[in-house]
Amino acid sequence: MKSSLPLATPAARAMATALVLAASATTAHAMAVAPTVVCDTYPDADTCRGTQPACTLCHTAPPVRNDFGLQVEAALAPGMPRPLDIDAFAAALPAALMAVEALDADGDGTANFDELQAGTLPGDAASKPGEGGLAVCEANTARTWAYNVCDRDAVYTYRKVMLDFCGRSPTLSEIEGLSASADAWRAIHDTLDLCLGGNFWRGRDGVLWNLANRKIRPSAAIKSGEDPGSIPLADYDDDYNLFVYNQIDDHDARELLTAQYFVARDDGDFTTYTPFTRTPAEDLAERGIGGVQIVDIERRAGMLTTRWFLMSNTMFTPIPRTTAAQAYRSYLGLDIARMEGLMPVANEPVDYDAKSVDQPACAVCHATLDPLTYPFTRYEGITGGAGGGGLPASYNADRLDRFGATDAPTTPDAPEAGVILGQPVADLLAWAQVAANSNEFARTTALDYWQLLVGEPPRQADRDTFDGLWQAFAGEHGYSVERMLHDLIDTEAYSVP
Amino acid sequence: MFRKHHIESSLRFCVLALLAAACGGDDGAPPASTEQPASAAARVKLKGPQRLANDLAQALAIPRQELCRELGQADCFETHDIVLGGVDPYRLRIDEPLPEAPVTAPMAVDRIALSACGERAARDFAAPGDAVVFAEVAGAGALPSTRARAAVARRLYERLLARPADAAEIDALVAFGDQLTDHAEPARQWAQLACYAVATTTENLFY
């Protein structure tokens, strides 16, 4: 199904584990390898479908363990001297997990094993599998305008589709027309297609536009271009245009991270989006200093190298960890600040910029975050520092040279090559390819729309359906969001009242 | 569940038991009142400011910008955008709707619904011959007949909720009018409040 070694496959997990076990015997690294071992032990667990559990499965804040972690610890390599090295820890963890399967660490009435399978937290009583599924329904056979809560209801679904995608309720006349149609469900899908072309869905400040807010994180005060702020630095309209373009029609959503073009928007009764490719010089001539995109065409990676993204996230930082973390969070759904997606790399962090991130408490995260960040280090944010540097928000192979005097003598030694999802990459373009083709990207994209349209994350009873949704998105639908949406409105979660 | 509107005692509505009585009228008997089984997995979303505005504009045939203005100037939906579930990523850095509706959300909804319904009532009563929603009562000064009120009640459900009202719902809207006889303009007051009652139901505000 997937290209380039998605982490969900046994082969990919083995590679990731090997990278971690290659060196270093710090306790911090031993803890961070645990999510991979958990998924090796329970490959069918819900928490391992297209993702990995966060460290909060066993810990509150590492190394402090929660109730489940304490049970696992008690069963871990009994009699073996502490501290365990990574090899011993990884070898003993599966048996320890299996030894506590029948226990109920948080006392919520659900065994640890059942919680792992369901994707809930065995160390948190507030997190437990729901009842899920369709309860025994009392069928209402009388002629009534009430919804049928025992099955998919066409009128209910039609109303939701109209509201979600067109922004208004259907009239009584429209509902009666639906009921009189030969194929109500075909009519609902036709309505979806109609609404997907409208401004409520795809226009400026429409539904799709707002879906990008937390990924782009705009700020009017520093916007350039149209409607500039008081300190115009970069224009985020390009980011919104690129985002929406890759969510509509049959466009490949992976180009969010791989595109080397930008997109022009034409507002009107029906908003249109048109891609264009211009060199920085051509773009400067076309749009002036306020709108120009400065990264050379061959160095672009979609949303990751826009002027706004680089300026607002990287700013003046030589090792822009915030930039990498924002990309990881926004497009792969892995929030390192919540200890998600930790896949530590051997002999990391090196701490090139002398921020003491190699301390054990810090290295828990930075062993993943720093190699994740290295490919971003050659892209300017706001230039500054000794020597001034290159153009803002541009690619500069020698960017780190000037930070030796301001940060640490070793800062210029930071490589451009890095690691993402356990895979070595030579630069940001390769980083973007791995990310775009990952299970995490497909799952996160589907999850964004599920939460938007269903109104909440998938419940336990929805998990198989949700997994099928994102897998089809990446498979037969060729990363077309609109084709995925046609699947989504047919799900029980959306169409059963 | 969704299909039963919440009746505010503070607005002097009467709550009636579910009846199967037919109210009659030119369009025939309304559906008998029925109990609906509860949803096994209810998932409900707030409409939010844009959808609510679009629906009120459509149901009441009033241009969106003329539905409600605070102090006669500022658009109510823009004024109350965040509390109604909107966003402002550019200035306030609110990227997503608030996870919990604030305590002022119902107040904002009340103000908007009263204003929009009052605007429709004002237009219909000013030109009864062109009335859109309140035709049967627009020419009246005193409290209209139960028959006239029932006709308007049915129309309010059809326009605002896109379904026929059942007998109990019609009876409830008709009945509270009897408590307005002391008002200076009972017909217009009833029209605005009946519209408000349906417009602020859970069924209309959520989906």
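Good morning. Over all chains of this structure, the count comes to 44 salt bridges, a salt bridge being a side-chain nitrogen of Lys or Arg within 4 Å of a carboxyl oxygen of Asp or Glu. Side chains of opposite charge can pair when their charged atoms come close.

Two remarks on how to read the numbers. This is a predicted model, in which local features need pLDDT of at least 70 and side-chain atom pairs count only at pLDDT 80 or more, while totals for chains, interfaces and linings use all residues. Residues are numbered from 1 along each chain as its sequence is written, chains are lettered from A and ligands numbered from 1 in the order in which they are written, and side-chain values use heavy atoms, with hydrogens and water left out.

Of the 497 residues in chain A, 56% are buried. Buried means under 20% relative accessible area, exposed means over 50%, and partly exposed lies in between, with a 1.4 Å probe and protein chains only. The accessible surface of chain A is about 19100 Å², and 54% of that belongs to carbon and sulfur atoms; such areas come from the Shrake-Rupley method with a 1.4 Å probe, and for residues only the protein chains shown count as cover.

Chain B has 8 helices and 2 strands, which follow the pattern α-β-β-α-α-α-α-α-α-α along the sequence. Here buried residues make up 50% of 207 residues. Chain B exposes about 9300 Å², with carbon and sulfur atoms supplying 53% of it. Among the contacts in chain B between residues at least 6 apart in sequence, 63% join residues at least 24 apart, where contact means heavy atoms within 4.5 Å.

How do chain A and chain B meet? In the interface, 44 residues of chain A are in contact with 34 residues of chain B. Between them the chains bury about 3400 Å², 53% of it on carbon and sulfur atoms; buried area is the accessible area, with a 1.4 Å probe, that two parts lose on being put together, summed over both. The rule finds 4 salt bridges across this interface. B:R43, for instance, forms a salt bridge with A:E456, and their closest N and O atoms are 3.1 Å apart. There are also 21 residue pairs in polar contact between chain A and chain B, both residues being at pLDDT 80 or more. A polar contact is a pair of N or O atoms within 3.5 Å; within protein, one must be able to donate a hydrogen and the other to accept it, and residues adjacent in sequence count only if both atoms are side-chain atoms.

On the side of chain A that touches chain B, at least two residues each come from helix 7 (154-166), helix 8 (172-180), helix 11 (207-211), helix 12 (213-216) and helix 20 (439-454). Helix 7 of chain A gives the largest share, 5 residues.

We now turn to salt bridges inside chain A. A:R152 and A:D490 meet through their side chains at 2.8 Å, N to O. This pair links distant parts of the chain, 338 residues apart: A:R152 is in the loop between helix 6 (112-118) and helix 7, and A:D490 in the loop between helix 22 (481-488) and helix 23 (492-495). A:R152 is partly exposed at 30% relative accessible area, and A:D490 is partly exposed at 32%.

A second pair is A:R338 with A:D335, at 3.8 Å from N to O. Are these two residues buried or exposed? A:R338 is exposed at 58% relative accessibility, whereas A:D335 is buried at 13%.

A:E380 and A:R399 are buried. Elsewhere, salt bridges that share partners join A:R204, A:D205, A:K223, A:D235 and A:D237 into one network.

I close with one residue of chain B. B:D75 is found in strand 2 (residues 74-75), and it is buried at 3% relative accessibility. The side chain of B:D75 makes a polar contact of 2.8 Å with that of B:R64. Leaving aside neighbours within four places in sequence, B:D75 is in contact with B:R64, B:Q65, B:C68 and B:R69. Thank you.

Technical notes: Helix = DSSP H or I, 4+ residues; strand = E, 2+ residues; numbered from the N terminus.
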